Amino acid sequence: MAKSTPAAAAAAPEEATAAALRLRLRRLVAAVTAGGVGGEEAFDEAASALAALRDAELGPPPKDRPGAGAERRRSGHAEAAVVPEQFLCPISSEIMRDPVVLASGQTYDRRFIQEWLSAGNRTCPQTQQVLSNTILIPNHLVRSMIAQWCTENGIALSPLENQEEDLVTNNERKSFSELFDRISSSSNISEKRQAIKDLRLLTKRNSSFRAVIGENPDSISQMISAVSNPELESNSEVLEDTVTTILNLSIHESNKKIIGDDTKAITFLISALQSGTMEARSNAAAAIFSLSALDSNKAKIGESGAMRPLVDLLEHGSMTAKKDAASAIFSLCKMHENKSRATKSGVIDVVLKAISDESLTDESLTILALLSSDHETVEEIGETGGVPCMLHIIKDDQCKRNKENAVAVLFSICMYDRTKLREVVEDENLNGSLAWLAQNGTSRARRKAAGILDKLKRTIHKTHYSC
């Protein structure tokens, strides 16, 4: 039987310590990325675990000596450093430059997950979960941790430059030109229909093909004019292909302004929202969501009358279409003027009903929380059964983010409408949900719950005092 040497005996606990630290760090980052956000406490704890792991694997860094960092880099520590698995993009296996969270809760480097989504995929590459939406949320905590780790290990990441720049080949330019000639000039209706379908497929598969539109900004209007032909405009398949082509093109960042500036594009998408097939309506909503990333487009889309058909789709669409509509409404309502448009279009009744039916709870609460910064909207939420609905979520929903959004809405109602306080007091005396949330919720939920409890206490005190 082999004897254990003193060196091996010393190494064993060090390896165990490093393994435990890696596990701890993995759990911390996984917990943060699952919700898409991270608080100050989570950051501090994760940063502490990262520093401890560095010391366990590399030894304490030289301190209090001029040039210590340079000496460490020269000595080869940077090359020897093991990159924490959580800092690597699951697609590229490279350190993430711009980590973002997908709807599944997994974190990816923006460049690579965007390419995955741009190819038409609607599943998470890691979990294969079907995505409820394609929103990418910046993971600031992981990005900060990566930056700190790189600084401490002397690793310089290349800057985030031209990540979306695609080299367009002459063959692609030629194919693009030939397709548009067939769409706009051919007298053969079948050939036009096939050309539109080919364009849809090419803009789905080929990111550089989407970039060609930047060299031909008038192409959008030409395509829309072509499909307005009486023999084509009643064809549901042609409408779906055209709407989806615009959606595919809008994914390319520089195309968002080109499409938004086109006088026909937004009007065409709204028309598809109103009268297209369910797939066309769903993709039109997704295209509006994509375009609304620009504030200038938010204004144009809102002014053009998109909100009412979006709310109608949110109420009556397929589940996929409802989620696309919810994403578009949420994005548009980041502009104040669009909040009143959404309210006037009946969005409050629709989302409260969706919450009651437990069909789109997450998305509906997110929309309500955003709208609750508007006084008139808050009044309507309170008048249409918003208080018992929010109290139910706070008491019974298992999702911390849903509880957070519900208490944010309830906080606004309590601040704007004192007549609703009695209902809140009665529920709190019965269930104590706000007191529990003030101790156990997310950071924002704790603040909002504490604010409501303080408001209730001061109101009750004033009532007793006046008596």
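Me: Where does N139 lie?
Reply: In this predicted model, N139 sits in the loop between β3 (137–138) and α6 (140–152).

Me: Is N139 buried or exposed there?
Reply: N139 is buried, because its relative accessible area is 2% and the cut-off for buried is under 20%.

Me: What does the N139 side chain reach?
Reply: The side chain of N139 reaches the backbone nitrogen of V142, at 3.1 Å.

Me: OK, new topic. How many residues are in the largest nonpolar core?
Reply: The largest nonpolar core has 91 residues. L310, V347, M390 and L410 are those with the most contacts inside that core.

Me: Take M390, then. What is M390 in contact with, skipping neighbours within four places in sequence?
Reply: M390 is in contact with L352, I355, L365, L368, A406, V409 and L410. Another core, of 19 residues, lies apart from the largest one; M96, C124, L131 and C150 are among its residues.

Me: Back to L310. Which residues of helix α17 are buried?
Reply: Helix α17 spans residues 307–316, and its buried residues are M307, P309, L310, V311, L313 and L314.

Me: And what covers them?
Reply: The cover over the buried residues of α17 includes α14 (265–275), α15 (278–291), α18 (319–332), α19 (336–344) and α20 (347–357).

Me: Last one, R444. Which helix is R444 in, and what does R444 touch beyond four places in sequence?
Reply: R444 lies in helix α27, residues 443–466. R444 touches E404, N405 and A408. The C-alpha atoms of R444 and N405 are separated by 9.0 Å, with the two residues 39 apart along the chain.

How values were computed:
Residues numbered from 1 in each chain as written. Predicted model: local features only at pLDDT ≥ 70, side-chain atom pairs only at ≥ 80, totals over all residues. Heavy atoms only, no water. Core = buried A, V, L, I, M, F, W, Y, C linked by side-chain atoms within 4.5 Å. Buried < 20%, exposed > 50% of the residue type's maximum accessible area, 1.4 Å probe, protein only. Contact = heavy atoms within 4.5 Å. Helix = DSSP H or I, 4+ residues; strand = E, 2+ residues; numbered from the N terminus. Polar contact = N/O pair within 3.5 Å; in protein donor to acceptor, adjacent residues only side chain to side chain.
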